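Colleague: I have a new structure open and would like to learn how to read it. Could you take me through it, one feature at a time?

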Amino acid sequence: MARIKDLTGQRFGRLVVLYDTGERKNRKVVWHCKCDCGSEVDVIGSDLTSGCTTSCGCYNRERSAEANTTHGMSRREETRPVYQTWRDMLQRCENPNDKRYKDYGGRGITVCPEWHDVKVFINWALASGWGKGLTLDRINNDGNYEPSNCRWATWKVQQRNKRNNHLITFNGKTQTMAEWADETGILYDTLEARVNRLHWPIKRALSI
């Protein structure tokens with residue numbers, strides 16, 4: 001018999017595994033899990049590890065309610081960008097199938113409970129300096145999405161705050177790649193290609 005991988009204590013989306021129920025479905029282990037909403041549910045192990053099941057069902061209910069709500073936030077011109085920011089934030093933190101999940105939810109970054117309400121998030125955004133061209137930035141890159149750790153920042157500021165930022169030192173001056181691109185007038189994508197893909201010497205890479 002194949003050795004059973006113990007999933008106890010592990011998190012899968014909104015679910016935390018509590019214990020092996022002892023039940024088997026098609027010879028697969030059934031685990032008893034607790035959802036962030038407080039409900040408990042039994043889930044086949046393969047459904048957890050594949051990302052097929054990530055909540056007790058509350059996530060789908062919330063998305064359904066969101067789709068049928070009359071708040072109109074996604075359609076109003078003045079709030080549509082903030083609404084999209086809110087959706088993207090939840091996806092990368094709570095949807096294991098999102099390509100960005102490994103860098104957010106996959107490493108423990110969560111969205112605070114009050115920001116699961118789009119109206120609360122949009123009200124915070126409008127009261128905290130949101131404007132066209134600004135992006136949602138976490139002050140502590142290892143912290144969660146919550147009012148005390150978030151701000152609206154320009155793309156350049158957010159690039160400076162990235163945990164995998166590439167610092168470049170030239171002539172005794174150290175700056176991020178975004179800052180060098182801004183100073184030299186070289187497009188960021190061009191500079192990134194020169195340094196990371198073509199492996200040009202720094203002096204040549206920073207030459208126009």
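Modeller: Gladly! Let us begin with pairing: two strands count as paired if DSSP finds at least two bridges between them. Keep in mind that this is a predicted model. As a case, Lys34 stands opposite Glu40 in strand 4.

Colleague: Which strands pair in the antiparallel sense over five bridges?

Modeller: Those are strand 3 and strand 4, the latter covering residues 40-44. Another facing couple there is Val30, which stands opposite Ile44 in strand 4. The two strands form a hairpin with four residues between them, and Gly38 in the turn has a positive phi of about 110°.

Colleague: And what does strand 3 do with strand 2?

Modeller: Strand 2, residues 15-25, pairs with strand 3 in the antiparallel sense over seven bridges. Val17 stands opposite Cys33 in strand 3. Here too there is a hairpin, with two residues between the strands, and Asn26 in the turn has a positive phi of about 55°.

Colleague: In what order do the four strands form the open sheet?

Modeller: The order is 1-2-3-4, with antiparallel pairing. Strand 1 (11-12) and strand 4 are the edge strands, as each pairs on one side only. As a general idea, in a regular strand the side chains alternate between the two faces of the sheet.

Colleague: Is strand 3 mostly covered or mostly open?

Modeller: Mostly covered: of its eight residues, 28-35, six are buried. One of the buried residues is Cys33, with a relative accessible area of 0%.

Colleague: What does Trp124 contact, leaving aside its neighbours within four places in sequence?

Modeller: Trp124 is in contact with Trp115, Leu136, Pro147, Cys150, Arg151 and Trp152. Trp124 is buried, with a relative accessible area of 16%, because the limit for that word is under 20%.

Colleague: How many aromatic pairs are there?

Modeller: The count comes to seven. Trp115 and Phe121 form an edge-to-face pair, at 5.0 Å centre to centre and 85° between the planes. Both Trp115 and Phe121 are buried. The rings of Trp115 and Trp124 have centres 4.6 Å apart and planes at 50°, so this pair is tilted. Ring pairs link Trp115, Phe121, Trp124 and Trp152 into a cluster.

Colleague: Which ring has the charged end of Arg92 over it?

Modeller: The ring of Tyr104, with the charged end of Arg92 5.1 Å from its centre. In another case, Arg138 lies over the face of Tyr145, 5.0 Å from the ring centre.

Colleague: One last stop: where does Ile186 lie, in a helix or in a loop?

Modeller: In the loop between helix 6 (177-184) and helix 7 (188-197). Ile186 is buried, with a relative accessible area of 9%. Leaving aside neighbours within four places in sequence, Ile186 is in contact with several residues, including Leu191, Arg194, Ala205 and Leu206. Ile186 and Ala205 are 19 residues apart in sequence, and their C-alpha atoms are 9.3 Å apart in space.

Colleague: Thank you, I will look at each of these in the structure.

How values were computed:
Residues numbered from 1 in each chain as written. Predicted model: local features only at pLDDT ≥ 70, side-chain atom pairs only at ≥ 80, totals over all residues. Heavy atoms only, no water. Contact = heavy atoms within 4.5 Å. Phe/Tyr/Trp six-rings, centres within 6.5 Å; stacked < 30°, edge-to-face > 60°. Buried < 20%, exposed > 50% of the residue type's maximum accessible area, 1.4 Å probe, protein only. Lys NZ or Arg CZ within 6 Å of the ring centre and 35° of its normal.
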